[in-house]
Amino acid sequence: MIDLATLATYVAIVLGFVFIPGPATLLTVARATSSGTRVGIATGAGVAAGDVVHTAMAIFGISAIVATSAMLFSVIKYIGAAYLVYLGIRAILEKAPGDLAGNALAVPAGKAFRQAILTEVLNPKTALFFLAFLPQFVRPENGSVVLQLTVLGAVFVLLGLFSTVVFAVSAGG
């Protein structure tokens with residue numbers, strides 16, 4: 001199993017990582033600001049679900065395959081950027097007609113959750129974390145690599161969920 005010093009170091013670094021604004025944070029804040037705290041939290045839950053996908057990809061070795069192909073990683077990165085541009089354009093086009101304040105229509109929580117999953121799965125910042133950073137905390141001599149990746153991934157998901165909820169509550173208020 002993971003030794004306590006390694007886990008404590010990992011937690012400290014991940015806390016810094018999840019509180020650095022990126023696409024997931026910006027999407028969460030935007031949803032909470034435009035549609036309320038509940039939708040912001042649903043967005044944060046979608047981000048966490050996307051992180052579960054990244055964890056599964058690391059466990060099953062898919063992340064390693066992506067890491068070996070610069071072209072595949074670039075394709076995923078550009079698809080993610082295009083998706084964020086698409087969401088931005090839709091947000092601009094979905095503004096209520098005649099609304100002088102420029103407020104966008106509220107997004108339902110379920111839709112925000114689904115959009116957040118896709119945004120996080122295609123998030124290059126998170127992909128890089130799972131490709132390059134996470135494996136540095138796995139020690140084969142400490143037991144099952146799969147179990148270590150699962151624990152580290154779960155810690156990342158929980159801390160990430162905590163940070164997006166903090167951002168959602170702060171922005172939703």
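Predicted model: local features only at pLDDT ≥ 70, side-chain atom pairs only at ≥ 80, totals over all residues.
Student: Which residues of α1 and α7 meet?

Tutor: On the α1 side, look for Tyr10, Ile13, Val14 and Phe17; on the α7 side, for Lys125, Thr126, Phe129 and Phe133. Sorted by class, that contact has six nonpolar residues, one polar and one charged.

Student: Now α3 and α8. How are their axes placed?

Tutor: α3 (residues 37-59) packs on α8 at an angle of about 165°, and the axes are 8 Å apart. With the cut-off at 145 degrees, α3 is therefore roughly antiparallel to α8. This crossing is right-handed.

Student: What makes the contact between α3 and α8?

Tutor: Quite a list. From α3, it includes Gly40, Gly44, Ala45, Ala48, Asp51 and Val52. From α8, it includes Leu149, Gly153, Phe156, Val157, Leu161 and Val165. The class count for this contact is 15 nonpolar, eight polar and one charged.

Student: Next, rings. How many aromatic pairs does the structure hold?

Tutor: There are 12. To read any of them, check the angle between the planes: over 60 degrees counts as edge-to-face. Take Phe19 and Phe162: their planes stand at 75° and their ring centres are 6.1 Å apart, so the pair is edge-to-face.

Student: Where in the chain do Phe19 and Phe162 sit?

Tutor: Phe19 is in the loop between α1 and α2 (23-35), while Phe162 is in helix α8 (residues 145-172). The two are 143 residues apart, so to speak a link between distant parts of the chain.

Student: Last one. Where does UniProt place the feature "transmembrane region"?

Tutor: The unreviewed UniProt entry gives residues 7-29, 41-68, 75-93 and 146-169. Treat such a record with some care, as annotations may be inferred rather than shown by experiment. Then set it against the model.

Student: What are the helix and strand percentages over residues 75-93?

Tutor: The span is 100% helix and 0% strand, with its end C-alpha atoms 27 Å apart. Residues 146-169 are also 100% helix and 0% strand, and there the end C-alpha atoms are 34 Å apart.

How values were computed: Residues numbered from 1 in each chain as written. Heavy atoms only, no water. Contact = heavy atoms within 4.5 Å. Helix = DSSP H or I, 4+ residues; strand = E, 2+ residues; numbered from the N terminus. Nonpolar A, V, L, I, M, F, W, Y, C, P; charged D, E, K, R; others polar. Phe/Tyr/Trp six-rings, centres within 6.5 Å; stacked < 30°, edge-to-face > 60°. Axes fitted to C-alpha atoms, helices over the stretch in contact; angles between N-to-C directions. Parallel < 35°, antiparallel > 145°, perpendicular 65-115°, else oblique. Left-handed = near helix turned anticlockwise from the far one by under 90°.
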